[in-house]
Amino acid sequence: MANLQIVTTPTRDWLAERAHTCSERMLVGSPYVNDAIIELTDMVSNDVTRTLVTRTDLRDFAVGASSLDTLCTLVKDGVAVHSLSDLHAKIYVFDDSSALVTSANATRSGMRHNLECGLGTQDARVVKALACSLMSGLGPGEPPQEMNLKELEGLYAPLEAIKVSMPKMPRTAARTPDEFAEVPTFSIEDREKLLRGFTGWKRLTLEGVLSMPDDDFELDDLYRACEPTAVEQYPDNHNVQPKLRQQLQLLRNLGIVEFVTPGNYKRTLNL
């Protein structure tokens with residue numbers, strides 16, 4: 001127990017103390033972020049490797065649970081941003097010396113105001129294990145996918161194209177990210193605007209998803225829809241199906257596609 005510490009509100013104080021002495025790496029896993037994470041990453045030197053693992057679900061951005069502007073700013077500042085679908089854990093790692101597993105998102109409310117609680121550790125073995133687990137995807141699924149600035153900025157057009165059904169709450173009620181976590185579908189008023197933010201294989205795959213007659217579809221259905229165009233556009237690529245599966249993972253990170261069971265998918269768009 002000597003290596004464990006209970007960390008309660010304001011979580012920022014504990015994080016700031018570790019950030020100011022961080023010399024090698026800062027790793028943050030948080031589903032939702034806003035400019036509070038920028039303040040935290042700015043506390044360490046640019047020589048420190050700074051990495052954020054977060055959600056990039058368009059629905060989160062549309063309802064204000066998380067901030068696309070923040071992600072773009074972080075990348076411009078040299079922070080590596082990785083996307084991990086369905087992330088719910090909040091983990092903060094500083095060098096190999098300390099880490100915090102907590103309920104607090106990397107937002108102003110999470111770090112300063114909400115009644116949060118977590119456990120901090122200085123056990124180097126635990127710290128390294130937490131970092132490894134986060135960067136491997138926290139389970140048997142795919143590891144987080146790094147997104148560059150061009151990819152992130154490309155999300156503004158599709159973000160403008162979606163219309164999210166907001167939870168019916170009084171305007172005076174305080175909204176927290178978790179209250180937005182289960183937005184099931186979103187509507188598309190301008191399909192071309194949605195597609196405008198995507199190029200190459202990602203656009204080809206999204207066009208195939210949009211062409212499905214039903215929201216629920218199978219992988220083989222997508223193959224049949226996309227392979228003729230893929231062969232025409234990329235005649236030298238002999239791994240079309242693996243490439244399409246890779247793009248489905250990226251669309252899942254954006255909340256456009258949900259994985260139901262192996263080989264079965266669900267489109268979250270109301271067309």
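In the counts that follow, Ala, Val, Leu, Ile, Met, Phe, Trp, Tyr, Cys and Pro are taken as nonpolar, Asp, Glu, Lys and Arg as charged, and the others, Gly among them, as polar. The structure is a predicted model, in which local features need pLDDT of at least 70 and side-chain atom pairs count only at pLDDT 80 or more, while totals for chains, interfaces and linings use all residues. Residues are numbered from 1 along each chain as its sequence is written, and side-chain values use heavy atoms, with hydrogens and water left out.

We can begin with the empty space. Rolling a probe the size of a water molecule over the atoms shows where such space is left. On a 1 Å grid over the protein atoms alone, a cavity is a set of points where a 1.4 Å probe fits but cannot get out, whereas a pocket is an open set with protein on both sides within 12 Å along at least five of seven lines, and lining residues have an atom within 4 Å of a point. Grid points are joined across faces, edges and corners, and a volume is the space filled by probe spheres set on the points.

The largest pocket holds about 420 Å³ of space, and among its 21 lining residues Glu151, Thr199, Lys202, Gln247 and Leu250 are the closest to the centre. Sorted by class, this lining consists of 6 nonpolar, 9 polar and 6 charged residues. Helices (H or I, at least four residues) and strands (E, at least two) are DSSP runs, numbered from the N terminus, and at least two lining residues come from each of β8 (145-147), α7 (149-153), α10 (200-211) and α12 (240-253). The greatest contribution is that of α12, with 5 residues.

The second largest pocket has a volume of about 340 Å³, and of the 21 residues that line it, Gly141, Glu142, Gln249, Arg252 and Phe259 lie nearest its centre. Two or more of its lining residues are given by each of α12, β12 (257-261) and β13 (264-267), and here too α12 provides the largest share, 5 residues.

A search of the whole structure finds 1 cavity of 30 Å³ or more, and the largest cavity has a volume of about 40 Å³. Its lining is made by Arg12, Ala36, Glu39, Leu40, Met43, Arg108, Met111 and Arg112, which divide into 4 nonpolar, no polar and 4 charged residues.

Rings of Phe, Tyr and Trp (its six-membered ring) pair if their centres lie within 6.5 Å, and planes under 30 degrees apart count as stacked, over 60 as edge-to-face and the rest as tilted. The structure holds 4 aromatic pairs. In one of them, Phe217 and Tyr265 are stacked, at 5.7 Å centre to centre with 15 degrees between the planes, and this pair links distant parts of the chain, since Phe217 in strand β11 (residues 216-218) and Tyr265 in strand β13 are 48 residues apart. Phe259 and Tyr265 form an edge-to-face pair, 4.8 Å centre to centre with 90 degrees between the planes.

Tyr265 counts as buried because its relative accessibility is 9%, while Phe259, at 32%, counts as partly exposed.

Key. Buried < 20%, exposed > 50% of the residue type's maximum accessible area, 1.4 Å probe, protein only.
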